[in-house]
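Okay, thanks for coming, everyone. Let me put the structure up and then walk you through a few spots in it.

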Amino acid sequence: MAHIQKRRGYEGVALTVPVTVPYERYSIRGAHWFLGQAVRALVQGSGLGKDQIDGLTVSSFSLAPDTAVGVTQHLGLSPRWLDHIPTGGASGVMALRRAARAVQCGDAEVVACVAADTNHVDSFRQTLGSFSDFARDASYPYGSGGPNSMFAFITANYMRTYGARREDFGRIAVAQRANALKNPNALFKRPLSLDEYMAARPISEPIHLFDCVMPCAGAEAFLVMSPERARDLGLPHVLLRGAIERHNAFADDPVMVRGGWAMDQGDLYAQADLQPQDIDLLQTYDDYPVIAMMQFEDLGFCAKGEGSAFVRAHDLTVAGDFPQNTSGGQLSCGQAGAAGGFIGMTETIRQLTGQAGERSVAGARHGLVGGFGMVTYDRCLCTGAVILGKSE
Amino acid sequence: MTAPFMKPPRKNPVLRTRQMNLPPGARGRVALGLTAAAAEGRFALQVCADCGALQYPPREACHRCLSPRLPWQAQTGEGELLAATTLAHSNDLFFRERLPWRLGMVRLDAGASVMVHLHGEVGEAPCRVRVGARLDRAGQAVLIGYPEKGTAHMADDTMLREMTSDPKHRKVLVTDGKSPVGQAVARAMAQAGADIVWVGHAEPWKQLPGLAELAALPQVTLVPLDVTDERSVNERAGEIGGKVDIVVNTAELHRGFGIAARRGTDVAKSEMEVNYFGLLRLAQAFGPALKGRAADGATHATAWVNLLSVYALANFPAHGTFSASKAAALSLAQCLRAEMRGAGIRVVNVFPGPIDDEWNQNLPPPKLAPAALASAIVKALRDGVEDVYPGDVAQEWLARWRDNPKVLERELAAGGM
């Protein structure tokens, strides 16, 4: 007999103290340094003692051979709840979902969700070849372009199938650069025009320079606790309204044209009791513009295949009618490894708690954050999304 | 359409010789099944024995039914190119030095998406392609997307030439031209477009049948070379070692009988001197120079071919000591392959059955004609194959050996062929 238990909601979960450890193109320090500075900023920003952080999630690519376990000793933490979530671009959503349940169930009261990576001059190349069994066996020996060549296939196939043009992707990159100019932590400081985008050198056709993120070092972090606790501590916070994740979705699609969001977006909006038009700002996972465009579609902002028309019809800057990647995203801030999976989360917390400075989106009440991670072979396997809301 | 590969201009001797950087060679143990098939020129993928699902990338469990029974099965490679890209940037030195480099994503009709190196004649996506497996310069299998119908010079595609060892415009050393096989190989190399074919002969003062006619070919130069004499081998290596692109070791001493038919070890020692120590001497003298020129222009040093015997797999008692010397040579050839791998020089092992020559006079047909053996060697170089079992007898022995080596041993001990 079928036994269907209704999944519990995410009530009673607050996110607070968004932390960004400033990005650097290259660093001579290790991942532990960035993790340490992120936790330090969480402690300082919350007024909590280090010993009051009783839950910890760690996300990193450059921590090996350590895991979250080694981090506890390194940083002198003694949490009663611990998770290691090395899922890159999906790690922010996944860390939050797990931390939320720990807080709801009382397994931990204050969970620090931390993502950090260092970037040495040769780190990126070394990561690529050993990223996964499938990458080692079936993609890296083919030109060693890393995700660039896989996303070239995905982008080329998307363009052919739905008639998207390079200019459409350019609009995403150009708008994000405009947003980044208002973000002091963004590594890219110069404006980007559509002409410059179009004239950029090819990397792996149809991927050109400004379609790619720049690997860098840095960290992002936030705290998860009950709203009551956040209020008692006097911390500006946002509430978790809904959260989904999905892995290895649509495995039979010969080339990726949609992500797992398309499977679960109904669930996401139902949890939040909201519709796509209620979302005031969207943080997509933007390792390549085509993936941002897919999130517009698969998260319900437009129909499948209409992403290019959507970007032509909307202004994606913080002052526009569809604010997207308001920090500049990874395309303009840099990709600090696994912290790239957290950048939308910290930005949304800042936006909804009045900490986004001159890039604040006026009157924003609800933000949606997409997660997307782990190209083990020919596509990203992990997708997720959360909706965050203002606390009042 | 691929432009025919033309003879490159002479190298400027002042310029530094480019060194070899191999493509990524790491593979998991399961994925090496692809390499094992490609080493013999076959394209095989895992297919689930329980539910029939095609698996790629190689796996430990069926992605559909979780069965662990995933035998490798030959594939036709028919499929559709879904997307293509041209790399203008790579994180790996091998590719960085060879940009731009074309790649594709192909959906096999049998049901898996595979990333491939793309042949230049393949058009824009979407289009039909044929996928095959080749060994790359690291000696590991890679998949290649070929045009459905190729043109005359498709083998001259720049990417494909990186996977093969075509003798065209190359300089070849055939270590012994005394035997019919040595002479057939030299002729085949000349016919395949080799620029120079040096042919060794151990006793230059002797007028051996066929040698004069061979030397009359414009590509052929006879050189004194006695593989049993370390000084002779070193002298020849000093003279031409830095120019040779392909070594084909045809030097072989073959006598009949096993243990009881003879007194003493003289004949067995002579066989070992040529068949085993000869290879060792040649490898020590010519190997380093070959390795040093593995990326030296479009006609870089590329391959080392060993004439072994299918008797190297299992002793054929009627030719017992010869079999033993070839087994020793096979073992050494595996060592040579491992040592040459770091430079991307391919070691090709050839395992013929009985050759139609004087020492196999008493064996029944079918026997392998020297010219057929020579063609098989040229084909192996052109196809980038690593292990070759030319002829029906060799193929049958291989099948029996693979099926059950112990059963084959018993059959051979009972006087079988």
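**A quick tour**

Let's start with one residue, A:Asn248: it counts as partly exposed because it has 14 C-beta neighbours inside 10 Å, and a residue needs 20 or more to be called buried. Keep in mind that this is a predicted model. As for where A:Asn248 sits, look at the loop that runs between strand 8 (237-247) and helix 10 (261-272) of chain A. From A:Asn248 to A:Gly259 you go 11 residues along the sequence, and the C-alpha to C-alpha distance is 8.8 Å.

Now, over to where the two chains meet. Chain A puts 31 residues into the contact, and chain B puts in 32. Which parts of chain A supply at least two residues each to the side that touches chain B? Those are helix 4 (123-129), helix 5 (133-139), helix 6 (147-162) and strand 5 (202-204). Helix 5 of chain A has the largest share, with 6 residues. Sort that side of chain A by class and you get 15 nonpolar, 9 polar and 7 charged residues.

Last stop, the largest nonpolar core, which has 247 residues. Among the members that touch the most others are A:Leu96, A:Val111, A:Ala219 and, from the other chain, B:Ile377. Helix 3 of chain A, residues 91-105, gives the most to this core: 8 residues.

Let me zoom in on A:Ala219. Leaving out residues up to four places away in sequence, A:Ala219 touches several others, including A:Val21, A:Phe34, A:Gln37, A:Val114 and A:Ala336.

That's the tour, so over to you.

Terms used:
Residues are numbered from 1 along each chain as its sequence is written. Chains are lettered from A and ligands numbered from 1 in the order in which they are written. This is a predicted model: local features need pLDDT of at least 70, side-chain atom pairs count only at pLDDT 80 or more; totals for chains, interfaces and linings use all residues. Helices (H or I, at least four residues) and strands (E, at least two) are DSSP runs, numbered from the N terminus. A residue is buried if 20 or more other C-beta atoms lie within 10 Å of its own, exposed if 12 or fewer, and partly exposed in between; C-beta atoms are placed from the backbone. Two residues are in contact if their C-beta atoms, placed from the backbone, lie within 7 Å. Ala, Val, Leu, Ile, Met, Phe, Trp, Tyr, Cys and Pro count as nonpolar, Asp, Glu, Lys and Arg as charged, and the others, Gly among them, as polar. A nonpolar core is a set of buried Ala, Val, Leu, Ile, Met, Phe, Trp, Tyr and Cys residues joined through C-beta atoms within 7 Å.
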